[in-house]
Every structure is written in C-alpha cells, then in structure tokens.
Amino acid sequence: MTNEPGSSPSATSPGHVLAVLREHGPLTRQELQERVGLSRVTLVERLEALRSHGLVRASGHRRSSGGRRAEVLEVDVETPSALTVDLGQSHAALAITDLRGTVLARDHHRLPARHGPDDVVPLLLRSGRELLDRAGRGDTLRALALSLPGQIDHDRGVTVAPPTMPDWNERPLREPFADAFGVPVLLENDANALAFGDYCAMDRPDSTVVGVKVGTGIGAGVIVSRRIHRGESGTAGEMGHMRIEGDDRRCACGRHGCVAASASGMALVRQLRPSGARSIDDVVRRVRDGHGDAVRAAAEAGRLVGTVLATVVTIVNPRYVRVGGAIGVLEPFLDALRGTVETNAHASALRGLDIGPSGLGEDGAFAGLAGLVADELLAPSTVDNRVGAG
C-alpha cells in the first residue's frame, strides 16, 4: 500500500478524473471538463465508470441562470466504510467511520498493563464484527486501519513495539485482519494517526503540520507535502526519546534522560502517586480540579516537552503544531509548552506558527485513520485498477 494522494499513471484516466473532483469538487460536468481537459464524450465515459463503482454521486444542482439546472457531482465519501482501531498500552478503541472520518459506531475496551496480540487480536476481531452489525455497514466495509505505539514496518506489516508493549514486537498484524474481513489493512503509528487526523480536520492545508501526542507516552507525527513523513526507518516523530540535558531518569526504552521518563502520562502518575494518583485518568482529574501539586507537575511536564519541541519546530519549521492526548490537552501543560517553544525556538521558525490543542478529542486517531483509508482507496492508481483505466 504505497499509493500517494494525487498520483496517477495517466492524466486522462478515471483515477485522474476522481482526483480532480476530490480536490476541487463538488463540480458540474462542465466545470470538471474544463479542469481535466477531456472531451465531453470521454468525460461521460469516465464518470459512468466511476458511478458504476460507487465512487461518484450527484449532490444537487447549480442555481439556474435561465436554462436547465446543471447537476453537481462529488466523490462519495459517505457510503464506503472503514473499521478503525486505536490500540494503546491500556486501551483498545474501535470505530466504524465513513471516509470523511464521521464516527458511525464505536466501542472501547480497557486492557491490562501487560497485554499481547494472542488475547487482544481475537477481541478486536469480535468487537469489529459486532460494530459492523450494529452500524449496518458490513456490506460497505472497504478497508481496516489500525494505529498503535511504536514503529511500523509497512512492507512486512509488523510492529516494532515500544518496551511497554513487548509482546507486540515483530508480530504480524496485517494478515489476521485481512483474513477476517477480506479488505485491505493499513497500519500506522498512533501519533502519526493523530497528527493526520488534525491535518484532515483543518481541511488538509498546503502546510507542514506537527502533531504531538502526550498520553501514556510521548510521540509526534509530521505532515509534509500532504503526507505523513515517516523517515528512513520509520522513526520520524519519536520525540519522547529525545534527551533532556541534566536529567538522568531511566526511560522504559532502557536509556536515561528521555523526555518521556519525566513528562509522559506514566511519569506524572509516578510523581503524583503520593497524592493518590493511580492512573492517567486520576492525573487528568486532579489537574482539572485545580490540585496544586498536579497543576505544577503538568506545567513542568509541558515545559520539558516544549524544550524538545522547540528543537523540532526550529528544524521542521511547521505552520501548525497540534497537541493531543489525555495530558497534552490539559491547559497548564499546553500553556507551559507553548511558552517554552516561543522562548527557545529560532525566531524565524516562530513567524506565523500556530500552536494549539487538538480539536478532535477521542476521535483524533479515528479521523486520521479514516483519512489514510480515503487516500488509499481514492488514489488514482487504486481507482484505475478497480474500474479499468480505459
């Protein structure tokens, strides 16, 4: 699955027509013809092929200026469905979405601290089938997308899981889901999925976006030229394992001084355990209730993450930074992070920089995964393979 949004083997193919309609639609036939440069007869043939495969639909009519009202066409992103799965160190969340990212049905499971695929994968398969039945979307399922912490080997369809999820390391995940549901399966790092979700929610701006997720751990995703930038070995965005000068605390990865060892959700749980915190939910509740120790700890965590994020901002020079995760959206954390970045990043990188919280809440990963599914299913080469390039 290596399709790139907007790629096409032919500027006259059905996939190219759909790409133009997706980018600029809804459009009338005449407006579309002007953009793709095809003859009217050829365009009608392409549109009929796309319609027959459920890829294009009418969405209304233009207001008449005296003659017949022109029919308006758009890409159908509401009928196809995706099963999206957000798997973490303590949870598994599932949702049925359309290709726009609208959640149609959802389910959530708490997982034990040391869970593995032998128990969790059957749970996900069973829950996924039940969700499809509940949403009445079994016949429209077109793909499945799964996000989880750690690196993904996209060629082999296996995970290089973080130390906190050792039983998931090097485990093949694409095959069991593809066998169970008979659809393409996409795998993605959880922070990348969250970053892509915010990018899609901003209507896919032609800008660089950095998404930071601070929950149980710390991760980041980078969107460059409308695509997730994964790096040569899939480690782009592993911000949680950048070192903090003068901090020698041991991280779960085995090294010392990583920002995740001091500023992640689990680090805050450890710091606030004497005050009664036993989980990230407890930390969030104490911060929002205004407990001084929790507010101070969250602010210090934001300062530490802001210190390494300032370096990322200086190097990547994004237009937008969006911060999500249970800890990342807390006001004391975000305020301290923003202030630290503004103090430490290069002045040129700060011009026009927009730092804010993710606006997607618990749907962030679902939105990102749905966006990745849409890019895969609607890529010109995929469409041409499906309908025939003609």
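**Close-up views of a predicted model**

**View 1. Strands E2 and E3 pair in the antiparallel sense.** Over 5 bridges, E2 runs antiparallel to strand E3 (residues 71-75); two strands count as paired if DSSP finds at least two bridges between them. Strands (E, at least two residues) and helices (H or I, at least four) are DSSP runs, numbered from the N terminus. Opposite His61 stands Glu71 in E3. The open sheet here has 3 strands in the order E1-E3-E2, with antiparallel pairing. Its edge strands are E1 (27-28) and E2 (56-61), each pairing on one side only.

The model is predicted: local features need pLDDT of at least 70 and side-chain atom pairs count only at pLDDT 80 or more, while totals for chains, interfaces and linings use all residues. Residues are numbered from 1 along each chain as its sequence is written, and side-chain values use heavy atoms, with hydrogens and water left out.

**View 2. An open sheet of 5 strands has mixed pairing.** The strand order is E6-E5-E4-E7-E10. Strand E6 (103-110) and strand E10 (185-189) each have a single partner strand, so one side of each is left without a neighbour in the sheet. From one strand to the next the twist averages 15 degrees; axes are lines fitted to C-alpha atoms, for helices over the stretch in contact, and angles run from 0 to 180 degrees between N-to-C directions. Strand E4 (residues 81-87) and strand E7 (residues 141-148) run parallel and are joined by 6 bridges. Ser81 has Leu141 in E7 as its bridge partner.

**View 3. Asn192 lies in helix H6 (residues 190-201).** Asn192 is buried, with a relative accessible area of 4% (buried is under 20%, exposed over 50%, partly exposed in between; 1.4 Å probe, protein chains only). Leaving aside neighbours within four places in sequence, Asn192 is in contact (heavy atoms within 4.5 Å) with Ala220, Gly221, Val222, Ile228 and Arg230. The side chain of Arg230 also meets that of Glu188 in a salt bridge, at 2.4 Å from N to O. A salt bridge is a side-chain nitrogen of Lys or Arg within 4 Å of a carboxyl oxygen of Asp or Glu.
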